[in-house]
Amino acid sequence: MAEPEPEQAKEEGKAEERPPEEPKRKLPAWSLPSDAIDRITMPFRWPDRVTREWALGGSTGKGISVCVLDSGVEAGHPLVGDVQGAWALVAGEDGEPTVVDDEEGDVAGHGTACAGIIRAVAPECDLYSVRVLGAGYTGSGKILLAGLRWAVERGFDVINMSLSTTKRDFASVLHELADAAYFRKTVLVASAHNMPVESYPWKFSSVISVGSHDLPDGTLFFYNPDPPVEFFARGVSIEIAWLGGSTIRATGNSFATPHMSAICALVRAKHPELTPFQLKSVLYLIASNGGGSDA
Amino acid sequence: MPDDNLRAAVAAGVVGAEEAHRALLQSIVEVARAIFGAKASSVFLLDTDTDELVFEAVSGEGEDHLIGMRIPSGTGIAGWVVVTRQPLVVDDLHNDPRFARSVAERTGYVPNGLMAVPLLAEDRALGVLQVLDRASAGFSLEEMELLGLFANQAAIALELLQRARRAARAVADAGGDVVAAARLATTLEALPEERRDAASRLLVALADVLRADTQT
């Protein structure tokens, strides 16, 4: 079956705003009586063969908001272009993190590098920056949590996290935030790593975790049948945006992750109705090692 | 002072532990440099009191003057690595004149490329291991894995060094009897085996006498 038209998706959105006399729409979906199965009718059907073309062919990521949770983004960098919004988490007067408009751009270069990669793969997505790195090591965990919470509450379509924390104290809160994002249809994409210590949030199953492959194709990715790392995207010798409008070559899962974030943006732009579960399923089906049909 | 600190202080011998662990770190950066055919390799220790990264061991370029030098923990590539916990490899750094200038001002040596990996122990970030200007032009994922293995070793050495320093501080803070006990333990450790056995017997006997004294 053909992909849904945007209008169809809008119709679905309207259905949720029907007046209260429509009680069947108001019931929480804890159970499903047999006479109510029509309530969960899918707004569309997937084609018999889920292909890359169906999933993301022709997509530019238009209309999808991608948040770079990092060190800030240098707006106007030739590889980045416009940034639609930028905020920073700073320690407030009481020491607790607060959100302020980010006037500084990128304080380290890492976020600009990630943003440039996202822009290269999904050129028409909306880029947002939430700065949680750069103020030093101390207190960075708290700032990171507050930044992620804010980004999840704000409801970005995709959040790129080319970072992780090893602080066990933060693991349960991070886990809650990752699950909250998952159920709010925000896709969290996080860098995996192979260090001998536990780190988060990439290991949570509600996020999309990313390691590196060394092929020179930014839209090529693989599904890993041996998790916890779920996907491999381009991560070796990439020309990345660097501070002051320049570029350098770099390698690391930090740079594989924004490739995967951008691929998520491409699919979501074409299929905005997909839940994170469905999105992951589509990614599995179109992965280059052949989860689906046309690999 | 907690007993385990005291025991650690005495067991580590306090005196000499710093040198031994430094030698271990030095050997790690030397081997890292040799394996990657690099111009330099270094280990940074994260000082959480001042939020700075401190050069603890350097092999190659800068080894004569960088030890002890400090940089803010949130900046530079070592800073990225420690805050993101992600290993990174960067090339073509000469393309960025600002980076070159700021690094040169600090260290006197501007690398064209570097690999950096966080040193982690349990849930703490201890520091960063860096390898500068390796011989191979391209970069393979295997090199990244190898660097990760080295990072484990360096993290263990760095943790031992930190523990020895904590123990030394604990002894210094405690003063008096504890310093005397630590000095005794160190002296004992340095004795030839024959005399050490005799001295140990003497000390055990002394402990028995003291214990008997307190029980009466």
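Author: One term before the numbers: a residue is buried when its relative accessible area is under 20%. By that cut-off, 48% of the 216 residues of chain B count as buried. Keep in mind that this is a predicted model.

Reader: And what percentage of chain A's 295 residues count as buried?

Author: For chain A, 54% of the 295 residues are buried.

Reader: What pattern does chain B follow along the sequence?

Author: Chain B reads α-α-β-β-β-α-β-α-β-β-α-α-α.

Reader: Contacts next. What share comes from residues 24 or more positions apart?

Author: Taking contacts with a separation of 6 or more, the share is 57% in chain B. In chain A it is 70%.

Reader: What area is buried between them, and how much of it is carbon and sulfur?

Author: About 3,300 Å² is buried between chain B and chain A. Carbon and sulfur atoms give 56% of that.

Reader: Which three residues of chain B supply more than any other three?

Author: B:Trp80, B:Gln86 and B:Asp123. Together they supply 20% of the area that chain B buries against chain A.

Reader: Switching topic. How many cavities of 30 Å³ or more turn up in the whole structure?

Author: The search finds 3.

Reader: Which residues line it?

Author: The lining is made of A:Tyr182, A:Thr186, A:Val187, A:Leu188, A:Ser206, A:Val207, A:Ile208, A:Pro276, A:Leu279 and A:Lys280.

Reader: How does that lining divide into nonpolar, polar and charged?

Author: There are 7 nonpolar residues, 2 polar and 1 charged.

Reader: Which elements supply at least two residues each?

Author: Strand S6 (187–191) and helix H8 (276–286), both of chain A. H8(A) gives the most, with 3 residues.

Reader: I also want helix H6 of chain A. What does it span?

Author: H6(A) covers residues 168–183, which is 16 residues. From first C-alpha to last it reaches 24 Å, close to the expected 22 Å.

Reader: Which of its residues are buried, and what do they pack against?

Author: The buried ones are A:Phe170, A:Ala171, A:Leu174, A:Leu177, A:Ala178 and A:Ala181. They pack against helix H5 (140–154) and S6 of chain A. S6 is also one of the elements lining the second largest cavity.

Reader: What sits just after H6(A)?

Author: A:Lys185, with a positive phi of about 65°.

Reader: A:Val173 isn't on your buried list. Why is A:Val173 classed as partly exposed?

Author: A:Val173 lies in helix H6 of chain A. Buried means under 20% and exposed means over 50%. A:Val173 has a relative accessible area of 24%, so it counts as partly exposed.

Reader: What does A:Val173 touch, leaving out residues up to four places away?

Author: A:Val173 touches A:Leu145 and A:Arg149.

Notes
Residues numbered from 1 in each chain as written. Chains lettered and ligands numbered in written order. Predicted model: local features only at pLDDT ≥ 70, side-chain atom pairs only at ≥ 80, totals over all residues. Heavy atoms only, no water. 1 Å grid on protein atoms, 1.4 Å probe; cavity = no way out; pocket = protein on both sides within 12 Å on 5 of 7 lines; lining within 4 Å. Points joined across faces, edges and corners; volume = space filled by probe spheres on them. Helix = DSSP H or I, 4+ residues; strand = E, 2+ residues; numbered from the N terminus. Nonpolar A, V, L, I, M, F, W, Y, C, P; charged D, E, K, R; others polar. Expected span 1.5 Å × (residues − 1). Buried < 20%, exposed > 50% of the residue type's maximum accessible area, 1.4 Å probe, protein only. Contact = heavy atoms within 4.5 Å. Buried area = accessible area lost by both parts, 1.4 Å probe.
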